[in-house]
Amino acid sequence: MRLQTLIKNLLNKYDALLVCDIYEDAIGPAGSIGGYWHGLILEMIVIHEDSRCKGIGTKVMKEICKYADEKQYPIYLRPGFKKYTNHRLVRFYKRFGFCLLPKAIVMSRHPKQRKNP
Ligand SMILES: CC(C)(COP(=O)(O)OP(=O)(O)OC[C@H]1O[C@@H](n2cnc3c(N)ncnc32)[C@H](O)[C@@H]1OP(=O)(O)O)[C@@H](O)C(=O)NCCC(=O)NCCS
């Protein structure tokens, strides 16, 4: 499945999902992430304010993580805005296997299973 299809499916499936900005295949020095990498950047997901804390964000994240695992992609995101780290968001993303990188405001998640060489 292509990333654009996944995003379209998620937006169709979950009415409360207002924004689902994810990018794929960016390669090269990437701002605060640095170095070379290949994977997904989860720029932003937004659930409608009236529908938060009802498990919708969790369902959306599980589908995104499943897609990333199938592609063997790491996922990078910032749990907050600018230099402000939102600790409630850090807790949210940790539930899906994300780790806060040392001395950084970026979180990353790597695929659960590696394909056989
Ligand atoms: C973060 C967000 C996507 C989670 O979706 P959701 O449907 O509310 O999440 P779920 O019901 O599956 O899970 C609840 C968890 O979401 C997180 N969460 C919910 N509302 C939140 C908020 N306003 N700020 C930060 N985290 C929040 C918390 O970790 C919460 O668990 P907790 O109650 O134990 O703290 C949603 O709250 C949202 O759109 N927030 C505003 C936009 C945002 O910060 N997006 C993420 C930046 S990429």
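1. Helices here are DSSP runs of H or I with at least four residues, strands are DSSP runs of E with at least two, and both are numbered from the N terminus. By that count the protein has 3 helices and 7 strands. Read from the N terminus, the elements go α-β-β-α-β-β-β-α-β-β.

2. Ground rules before the details. This is a predicted model, where local features need pLDDT of at least 70, side-chain atom pairs count only at pLDDT 80 or more, and totals for chains, interfaces and linings use all residues. Numbering starts from 1 along each chain, following the sequence as written.

3. On to the sheet. Two strands pair if DSSP finds at least two bridges between them. On that basis, 5 strands make up an open sheet, ordered 1-2-3-7-6, with mixed pairing. Its edges are strand 1 (17–24) and strand 6 (99–100), each of which pairs on one side only.

4. How do strand 1 and strand 2 run relative to each other, parallel or antiparallel? They are antiparallel, and 7 bridges join them.

5. Ile 41 faces Tyr 76 of strand 3. The chain gets from strand 2 to strand 3 by way of helix 2, a β-α-β crossover that is right-handed (with the strands pointing away from the viewer, the path from the first strand over the helix to the second runs clockwise).

6. Helix 2 deserves a look of its own. It lies across strand 1, strand 2, strand 3 (75–77) and strand 7 (107–109), and runs at about 160° to strand 2. That angle is between N-to-C directions on a scale from 0 to 180 degrees, with axes fitted to C-alpha atoms, for helices over the stretch in contact. Contact between two residues is a matter of C-beta atoms, placed from the backbone, lying within 7 Å. Across the protein, 53% of the contacts with a separation of 6 or more are between residues 24 or more positions apart.

7. Burial next: a residue is buried with 20 or more other C-beta atoms within 10 Å of its own, exposed with 12 or fewer, and partly exposed in between, with C-beta atoms placed from the backbone. Of the 117 residues, 19% come out as buried.

8. Tyr 67 sits in helix 2 and is buried because 22 other C-beta atoms lie within 10 Å. Leaving aside residues up to four places away in sequence, Tyr 67 touches Met 1 and Leu 6; Met 1 is 66 residues from Tyr 67 in sequence but 8.2 Å away, C-alpha to C-alpha. Met 61, also in helix 2, counts as buried because it has 20 other C-beta atoms within 10 Å. Met 61 and Phe 92 are 31 residues apart in sequence and 9.8 Å apart, C-alpha to C-alpha. Asp 69 belongs to helix 2 as well, but with 16 other C-beta atoms within 10 Å it is partly exposed. Its C-alpha is 6.3 Å from that of Lys 112, across 43 residues of sequence.

9. Two backbone spots to check. Most residues other than glycine have a negative phi. Cys 53 is not a glycine, yet its phi is positive at about 60°. Cys 53 is in the loop between strand 2 and helix 2, and it is exposed because 8 other C-beta atoms lie within 10 Å. Gln 72, another non-glycine, also has a positive phi of about 60°. You will find Gln 72 in the loop between helix 2 and strand 3, partly exposed, with 14 other C-beta atoms within 10 Å.

10. Finally, the ligand. Which residues come closest to it? Ile 47, Arg 52, Gly 57, Thr 58 and Phe 92 do, out of 17 that surround it (a residue is near if its C-beta atom, placed from the backbone, lies within 6 Å). Strand 2 (40–47), helix 2 (56–71) and helix 3 (87–94) each give the shell at least two residues. By class, the shell holds 9 nonpolar, 4 polar and 4 charged residues. Here Ala, Val, Leu, Ile, Met, Phe, Trp, Tyr, Cys and Pro are nonpolar, Asp, Glu, Lys and Arg charged, and the others, Gly among them, polar.
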